[in-house]
Amino acid sequence: MNSNREVTLRKIAVGDIFHATAPNGASLICLAHAVTEATIHARSVTSHFQFEFDRTTGEVEGEFHGHKVPCF
């Protein structure tokens with residue numbers, strides 16, 4: 001069965017704004033600009049960093065400055 005988190009991640013669509021957490025605990029406001037079956041492609045609204053979030057775990061695929069960045 002899918003967790004509530006996975007269900008929520010599956011609902012994110014192009015144009016949606018969502019929060020992620022930076023390694024230092026700062027909140028990142030993200031804008032989804034492309035969504036595939038496996039990945040949410042997004043950018044931070046304030047810093048314009050590009051992220052690719054796994055749609056199952058919500059974590060950045062790869063690392064951002066050496067750390068994982070979870071999506072909430």
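## A walk through the strands and the core

In β3, the residue that stands as bridge partner to Cys30 is Ser44, where strands are DSSP runs of E with at least two residues and helices are DSSP runs of H or I with at least four residues, both numbered from the N terminus. The model is predicted, and for this reason local features need pLDDT of at least 70 and side-chain atom pairs count only at pLDDT 80 or more, whereas totals for chains, interfaces and linings use all residues. Residues are numbered from 1 along each chain as its sequence is written, and side-chain values use heavy atoms, with hydrogens and water left out.

The strands can be followed in order. β1 and β2 pair in the antiparallel sense over five bridges, two strands being counted as paired if DSSP finds at least two bridges between them. Within this pair, Ala20 has Leu28 of β2 as its bridge partner. The two strands form a hairpin with five residues between them, and in its turn Gly25 has a positive phi of about 95 degrees.

β2 also pairs with β3, again in the antiparallel sense and over five bridges, and these two strands form a hairpin with three residues between them. Besides the pairing of Cys30 with Ser44, Val35 stands opposite Ile40 in β3. Ile40 in turn stands opposite Phe53 in β4, and β3 and β4 run antiparallel, joined by five bridges. The hairpin formed by β3 and β4 has five residues between the strands, and His48 in the turn has a positive phi of about 65 degrees.

Several of these residues return in the largest nonpolar core, which has 13 residues, with Phe18, Cys30, Ile40 and Phe53 as those with the most contacts inside it. Such a core is a set of buried Ala, Val, Leu, Ile, Met, Phe, Trp, Tyr and Cys residues joined through side-chain atoms within 4.5 Å. The elements that give two or more residues to this core are β1 (17–21), β2 (27–35), β3 (39–44) and β4 (50–54), and β2 gives the most, with three residues. If residues up to four places away in sequence are not counted, Cys30 touches residues including Ile17, Phe18, Ala42, Phe51 and Phe53, a contact being heavy atoms within 4.5 Å.

Although Ser3 and Thr56 are 53 residues apart in sequence, they are 9.3 Å apart in space, C-alpha to C-alpha.

For the chain as a whole, among contacts between residues at least 6 apart in sequence, 28% join residues at least 24 apart.

How values were computed
Buried < 20%, exposed > 50% of the residue type's maximum accessible area, 1.4 Å probe, protein only.
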